[in-house]
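Before I write anything down, I put the sequence and the model where I can look at them.

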Amino acid sequence: MNYQEAAIYLQEGENNDKFFTHPKNAKALAAYLFAHNHLFYLMELSTALLLLLLSLCEAPAVPMLRLGIFVHATLELFALIVVVFELSMKMRWLGFQTFIRHKRTMVKTCVLLVQFIEAIVVLVRQTSHVRITRALRCIFLVDCRYCGAVRRNLRQIFQSLPPFIDILLLLLFFMVIFAILGFYLFSPNHSDPYFNTLENSLVNLFVLLTTSNFPDVMMPSYARNPWSCVFFIVYLSIELYFIMNLLLAVVFDTFNDIEKRKFKSLLLHKRTAIQHAYRLLVTKQRPSGISFKHFEGLLRFYKPRMCARERYLTFKALNQSNTPLVSLKDFYNFYEVVGLKWKAKRNREHWFDDLPRTAFLIFKGINILVKSRVFQYTMYTVVAVNGIWILVETFMLQGGNFFSRNVPWSYIVFLTIYGVELLLKTTGLGPVEYLSSGWNLFDFSVTLFAFLGLMALAFNMEPFYFIVVLRPLQLLRLFKLKKRYRNVLDTMFELFPRMASLGLTLLIFYYCFAIVGMEFFAGVVYPNCCNTSTVADSYRWVNHTVGNKTVVEEGYYYLNNFDNILNSFVTLFELTVVNDWYIIMEGVTSQTTHWSRLYFMIFYIVTMVVMTIIVAFILDAFVFRMNYTRKNQDSEEDNGIVLEKEISKEEVIGIIELYKRTSAATETAQLQKIVLQMDKYGQMSTVFLGRRSRTKSDLSMKMYEEEIQEWYEEHSRKEESQPAVPEAASAPSSSLKPLSLRQRSQTVI
C-alpha cells in the first residue's frame, strides 16, 4: 500500500499544485521530497531575500551599507548558483518536458540567465553599469513557497486588468479631449503656465485627476474669466467622480467573480485530489472504504507530527456512518477535519469545582459576577470615563515635556480598576478560559502595558515613556457594544493575513520602480537644483539676512530622491499618497527630460490598480461577512469550528493492540495514558473536542451551499464523460516504493 503517494496527492490538492507535476518515478520522488521540505523552502526564501537586499549595497548604495564591487558581485553569484541548484532539483522532480511547460519556472530560468550574465560582467569589469534588470530579482521571491498568497494576488491583478484597461482607456480618452479643449481655451492667457502647450495640458489634467494641483491649476484662468471654472467642474465631475468610481465598481464586480471562480476551482481541485488518494487507499478486499490501518498509514506521511490519539480521533470524526471503514463520501471532508486540534473535554464545569465548599461558593460568586451584564456595562462605563479623562488631560497639556515625574493619580486609579477586573476574571473564569478569548487577551495586553508605563513614570525610565501613549487602546473595548462594530473588527482581524500579502505585493512593485528610478534619477535632485522649473521654491535652500537675523529658506523636496533604495521607497510612498506628487515629478523632469514624466504616470496607474484591488478586496470581505451574518443569524461563528467525539475504553484498548503489533512503543504509551486517565476517574469513555479557527473557505461553503452541489454534479458529469483511464495511468507513480521512516519526515507538513 503506497501511503506516501496518497499523501502527495492530498498535499497537491491543499497547495493547489497541478497534477501534471506529480512525481512519476522513484528518482522524481526523491527530488520531490527534497524540494518539498521546509529547509528547502527556507533556502529559497533566504536566497531571494539576499538578492533583493543586495540593492542596499550596490551602487547607488546606502552610505552605511556600501560594499566593494567584488564583494557584492560574489555574493550575487553565490545566490544565483543556489537558485541554479533549486531549479535543477525541480527539473529532476518534474522532468524536462514538464519543466519547460511550467510557465513560472521558465520565466524564473530566463531571469536567472540574464542575472548570471550581468553578475559575471560586473565581476570581470570591476565596475557597475546600468542594470534595470535588477528589478526582476523580485521574481525569485514571488516563486518561493511561502509567497503563494502573493502569487494569487498578482494573478488576480492580471485577471482584473481587461475591464480595468477598458475603463482606463475611456478615462484617458476624455482626458485627451479636455486637454485639447483646455489648450484652445486657455493657451492665449500667457500668464497661465498650465495650458501653454498641449503636453502641459495633458500632464496637468493628469495631475488634476489626483486633485494634487487643484485649485492652483484653475486659478490663472479663473482670475481672467470666472466662467472658466465650468471647464474644471465638468472635467472633475466626469473623470474623478464618475469614471473613477465606475472603475472601482467594475473592478469590484470582476474581483468578486474571480474570488468565486477561484473558490470553485480550488474546491473541485481538492475533491479530485481526495479521489486520487482514495483510489490508492482502498483494497480489493475492502473496496467500499478505507480502514483505520490504511488511514493511519496515510497520516504518517501527510502529518508525521500528529500523535496516535489525534490520528484515531481524525478517523472517527471523518467516519460519520460509524462503520469500520471511511467511505468516499466521508473522505471528502478530509481537509476540514484534519486541521482540528484535539483536547479532552473537561469533566468539571468550572476549574474550582473540586475545591472545598466555602472556596467553591466564593469563586462561584465571582464567576457569576464577571459574567453578569451589570459588571460588563460597569467596565464599559469606566473605560468611557477613562477615555474622556485622557482627552481632557491631553487637551490641557502645553507643548514641551508631556511626562511629569509625578505619576498622575488618575493613572493609578484607572489602572487599579483594570487590575481588579483582570484579577476577578482570571479567578472567576480560570486562566485557561480567560485567555481563550481574543478580547480578554487584548484587555490583558493593554493592562500589562499600562502597568509597564506606570513603572516607567515611577522610576523615571525616560526611554520607555512611549508605553504610556498606549493607554487609549482601552477605548477599543467599547466596540464590543455594537454588533456592526464587532463585524467590522472581526473582518479586520480576518483580513490581516491577506492584507499582509497585499502589502508585500505592493512592496514588490515598489522594488521594481525603485530600481528603475535609481538607475535613471540617482543624484539628479539636490538643493537649488530646479531653478528653471515651476516648482523651484520647493527645492530652494537659501540663507539671507533680514535686519539683524539670518533667515533660512529651505525647501525640503530635495530629500525626495532616488539616491538609494531606502530613499526611493520613501519617495514612492509619497507618490502613492499623491499629495503634491507633481512637485517631485516636475523637479526630476527639470533635471532630466520630459519623458521622465512617463515613469511617474505609469507608477501612479500601477499603484491605482493595486490600491483598487485592495479596496475591492476589503469591500468583498466586508460585504461577504454581512451577507453571511444575515443568512446565518442564529449561528455562532465566533467560536470557530468545534467538533465533539466520544471514544470508549474498549476502542482505545483495540487501537493499543494494533500499535503493539506494529511495534510502535511511543504511540502505545500515549494511548495508555488515556486508559489510565479513564481508570482514575472511573469512566468508560472520554469526550474529546476538536477545534480550529473558521476560515473564509468555511464561510464560503455555507454561503454557496446550494451552488456547491451543482458544481459537484457538473464535475461528476465531466469525469464520467471522459474516456476510462486504466488505474495505472490515472496513478502513474503507484509503483513507487515507499521510503523508510526516516525519509517520511521530509514530507510536507
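I begin with a term: a residue is buried if its relative accessible area is under 20%, exposed if the value is over 50%, and partly exposed in between, with a 1.4 Å probe and protein chains only. I note that this is a predicted model, in which local features need pLDDT of at least 70 and side-chain atom pairs count only at pLDDT 80 or more, whereas totals for chains, interfaces and linings use all residues. Residues are numbered from 1 along each chain as its sequence is written, and side-chain values use heavy atoms, with hydrogens and water left out.

**Entry 1: the whole chain**

I looked up the secondary structure, which comes to 30 helices and five strands; helices (H or I, at least four residues) and strands (E, at least two) are DSSP runs, numbered from the N terminus. Of the 749 residues in the chain, 45% are buried. The accessible surface is about 39,800 Å², and 64% of this surface belongs to carbon and sulfur atoms; the areas come from the Shrake-Rupley method with a 1.4 Å probe, and for residues only the protein chains shown count as cover. I then turned to contacts, which means heavy atoms within 4.5 Å. Among contacts between residues at least 6 apart in sequence, 75% join residues at least 24 apart.

**Entry 2: aromatic rings**

How many aromatic pairs does the structure hold? I find 42 aromatic pairs, where rings of Phe, Tyr and Trp (its six-membered ring) pair if their centres lie within 6.5 Å, and planes under 30 degrees apart count as stacked, over 60 as edge-to-face and the rest as tilted. Phe521 and Phe600 are a stacked pair, because their ring centres are 5.9 Å apart and their planes stand at 15 degrees. Phe521 belongs to helix α21 (residues 483–521) and Phe600 to helix α24 (residues 596–631), so this pair ties together parts that are 79 residues apart in sequence. Phe521 and Phe600 are both buried. Phe600 also pairs with Tyr599, this time edge-to-face, with 5.1 Å from centre to centre and 90 degrees between the planes. Tyr599 is buried, as is Phe600.

I also noted one aromatic cluster, formed by Tyr278, Phe292, Phe295, Tyr302, Tyr312, Phe315, Phe331, Phe334 and Tyr335. The charged end of Lys270 sits over the ring of Tyr335, 5.1 Å from its centre, and the charged end of Arg101 sits over the ring of Phe20, 4.6 Å from its centre. For this, NZ of Lys or CZ of Arg has to be within 6 Å of the ring centre and within 35 degrees of the ring normal.

The axes of helix α13 (residues 308–318) and helix α26 (residues 665–681) come within 8 Å and cross at roughly 70 degrees. Axes are lines fitted to C-alpha atoms, for helices over the stretch in contact, and angles run from 0 to 180 degrees between N-to-C directions. Helices α13 and α26 are therefore roughly perpendicular, given that angles under 35 degrees count as roughly parallel, over 145 as roughly antiparallel, 65 to 115 as roughly perpendicular and the rest as oblique. Where they meet, Ala308, Arg309 and Arg311 of α13 touch Glu667, Gln670, Leu671 and Ile674 of α26.

I followed Ile674 in helix α26 and found that it counts as buried, at 10% relative accessibility. Leaving aside neighbours within four places in sequence, Ile674 is in contact with Arg309, Val652 and Phe688.

**Entry 3: backbone points in loops**

Most residues other than glycine have a negative phi, and most peptide bonds are trans, so I looked for exceptions. A cis peptide bond joins Ala59 and Pro60, with omega about -5 degrees, and Pro60 lies in the loop between α3 (38–53) and α4 (69–94). Another cis bond joins Phe214 and Pro215, with omega about 10 degrees.

Asn16 is not a glycine, yet has a positive phi of about 60 degrees. Asn16 sits in the loop between α1 (3–15) and α2 (26–35), and is partly exposed, with a relative accessible area of 31%.
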